[in-house]
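Two packed helices are described by the angle between their axes and the distance between the axes. Look at the model below with that in mind.

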Amino acid sequence: ADSTNDGGILVIGLGRFGGYLAESLTHLGHEVLAVDRNPELVQRWSDQLDRVVQADATEEDALRQLGASDFQSAVVAIGASVEASVLAVLALVELGGPQVWARATSTKHAKILASVGAHHVIFPEAETGERVAHLIVSKMLDFIEFGADFAIAKVRTPQSLTGRSLAEVRPAERHGVRVVGVQLPGERFRYATDDTLVLPGSTLIVEGSIEEVQRFAALT
Ligand code: ATP
Ligand code: ATP
């Protein structure tokens, strides 16, 4: 086993999703080993990523030779072939070691990945589709949901609230949301306090139930 893999992240499959993922992880300062069975892709990515190797990730021996069990996390980013994706996840789970993140391309694929032992299943097309639907029909600029009922959103400042401090606006009492961050035009986000002035053109970070956050965004 290769000790330089300790704490590193193994990315399997350099398609669009895996490629962006490996690139982002590298920019975030993480050690990435990217694997693809297609030698042309390995060649193409070798300039942008520190370590790219050609291997078939469905083969446990190949993964063992790469020192797969020493990685902190492994992401199976294969999409088109459900079989290859499932076999790669199974091989990683059986080797033991890394937290296995697996990309699903359908609901059934997601179920299979979970049942063969993937620790985290992601379904980017479904998640992004759902998210963009929310953004299109609401006035939120960005949002994250936690569970079925809690959300944090980025919203413009409702005009009716501008020119007053948060202590005067009382968003929790009036709107059921808490303003946690404020970005004045041209500045960075700061924590909101009671004294924070809600100036026109500011962007707010608010938290609360999904319904109340959306209703607050609709005031803008
Ligand atoms: P994306 O939507 O991210 O572009 P895709 O679904 O179009 O992906 P896939 O065919 O799923 O593309 O493959 C993603 C990458 O995974 C490809 O570059 C492919 O060569 C690689 N791949 C597929 N099977 C294996 C395997 N067994 N071992 C290693 N890499 C693999
Ligand atoms: P995804 O990654 O979301 O699964 P994809 O990239 O694999 O999408 P595409 O071939 O881009 O799939 O097509 C998405 C859908 O858009 C398909 O169902 C296709 O029939 C449809 N589509 C493609 N061209 C047109 C068109 N000119 N008019 C209407 N629909 C189209």
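## How H4 and H5 pack

In this predicted model, helix H4 (residues 82–95) and helix H5 (residues 107–115) have axes that come within 9 Å and cross at roughly 20°. Angles under 35 degrees count as roughly parallel. H4 and H5 are therefore roughly parallel to each other. Their crossing is right-handed.

Which residues make the contact? H4 brings Val82, Ser85, Val86 and Val89. H5 brings His109, Ile112 and Leu113. By type, the residues of this contact are 5 nonpolar and 2 polar, with no charged residue.

## The largest nonpolar core

The largest nonpolar core holds 28 residues. Leu10, Ile12, Val89 and Leu92 touch the most other members.

## Val89 and its partners

Val89 belongs to the H4 side of the contact with H5. Val89 is also among the core residues that touch the most other members. Leave aside its neighbours within four places in sequence, and Val89 is in contact with Val76, Val100, Ala102, Leu113, Val116 and Ala118. Leu113 is one of the H5 residues in the helix contact.

## A separate core

Another core lies apart from the largest one. This other core has 17 residues, among them Phe143, Ala153, Val177 and Val198.

Technical notes. Residues are numbered from 1 along each chain as its sequence is written. Chains are lettered from A and ligands numbered from 1 in the order in which they are written. This is a predicted model: local features need pLDDT of at least 70, side-chain atom pairs count only at pLDDT 80 or more; totals for chains, interfaces and linings use all residues. Side-chain values use heavy atoms; hydrogens and water are left out. Axes are lines fitted to C-alpha atoms, for helices over the stretch in contact, and angles run from 0 to 180 degrees between N-to-C directions. Helices (H or I, at least four residues) and strands (E, at least two) are DSSP runs, numbered from the N terminus. Angles under 35 degrees count as roughly parallel, over 145 as roughly antiparallel, 65 to 115 as roughly perpendicular and the rest as oblique. A crossing is left-handed if the near helix is turned anticlockwise from the far one by less than a right angle, and right-handed if clockwise. Contact means heavy atoms within 4.5 Å. Ala, Val, Leu, Ile, Met, Phe, Trp, Tyr, Cys and Pro count as nonpolar, Asp, Glu, Lys and Arg as charged, and the others, Gly among them, as polar. A nonpolar core is a set of buried Ala, Val, Leu, Ile, Met, Phe, Trp, Tyr and Cys residues joined through side-chain atoms within 4.5 Å. Buried means under 20% relative accessible area, exposed over 50%, partly exposed in between (1.4 Å probe, protein chains only).
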